[in-house]
Amino acid sequence: MRGGERPKPAFWLFSIIGATAVAGFAFYGSQAGNFTGDLLMVVAILVCGLGYAEGATLSRRLGGWQVISWSLLLSLPLMALIGLAYLPTSWGNIHVSSWIGLGYVSIFSMLIGFIFWYRGLAMGGIASVGQLQLLQPFFGLLLAAFLLHEPIAWTMLASTFIVVLCVAGAKHFS
């Protein structure tokens, strides 16, 4: 709605089924989850979805790199306060690999990645392109299987198949 898009009712049906499949997979694979943590995750998903929609709407007018740059600049004071509150007592305990990881996430995931993500949402439609987020957990698990030799369960394959069908259906009806 924020982007001025009006997907068909079938879009919402596929979206709900896909989201339920992802949530069901996560719930099935979890060990006695924490209700507060799960609730906070749902809130984070909703807030991030709203942020994506707003960022995509703004990038139609400003461009992707301006939107993420302004977002990071405006969030800097709050993030600096949080960072100061959690400063480590000793910088010597922070490994070089941790600094490299922070740099990678900051530059590639947050800055460069969002430039293309916002541009893609603006060009392809927030509703239809946003459905790709349903596949993200499965891409993460697939990378974990190849890089960390994590097992691939039949539930992962079945859930991925359902989600891919739902994403395709939602894209068709968006």
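A pocket here is an open set of points, on a 1 Å grid over the protein atoms alone, where a 1.4 Å probe fits and protein lies on both sides within 12 Å along at least five of seven lines; lining residues have an atom within 4 Å of a point. Grid points are joined across faces, edges and corners, and a volume is the space filled by probe spheres set on the points.

Before we look around, note that this is a predicted model, in which local features need pLDDT of at least 70 and side-chain atom pairs count only at pLDDT 80 or more, while totals for chains, interfaces and linings use all residues. Residues are numbered from 1 along each chain as its sequence is written, and side-chain values use heavy atoms, with hydrogens and water left out.

Let's start with the whole chain. Its secondary structure comes to 7 helices and 0 strands, where helices (H or I, at least four residues) and strands (E, at least two) are DSSP runs numbered from the N terminus. The C-alpha trace spans about 55 × 45 × 30 Å along its principal axes.

UniProt, in an unreviewed entry, places the feature "domain: EamA" at residues 36–167; such annotations may be inferred rather than shown by experiment. In the model, residues 36–167 are 83% helix and 0% strand. Residues 65–87 are 91% helix, with end C-alpha atoms 29 Å apart, and residues 99–118 are 100% helix, with end C-alpha atoms 26 Å apart.

Now to the second largest pocket, with a volume of about 250 Å³. Helix α4 (residues 96–124) gives the most to its lining, with 6 residues. Among the lining residues are Y52, F114, W117 and Q136. The lining divides into 6 nonpolar, 4 polar and no charged residues, counting Ala, Val, Leu, Ile, Met, Phe, Trp, Tyr, Cys and Pro as nonpolar, Asp, Glu, Lys and Arg as charged, and the others, Gly among them, as polar.

Finally, follow the chain to helix α6 (residues 136–148) and helix α7 (residues 154–173), whose axes come within 10 Å and cross at roughly 145 degrees. Axes are lines fitted to C-alpha atoms, for helices over the stretch in contact, and angles run from 0 to 180 degrees between N-to-C directions. F138, L141 and L142 in α6 meet M156, S159, T160 and V163 in α7, contact meaning heavy atoms within 4.5 Å. The residues of this contact divide into 5 nonpolar, 2 polar and no charged.
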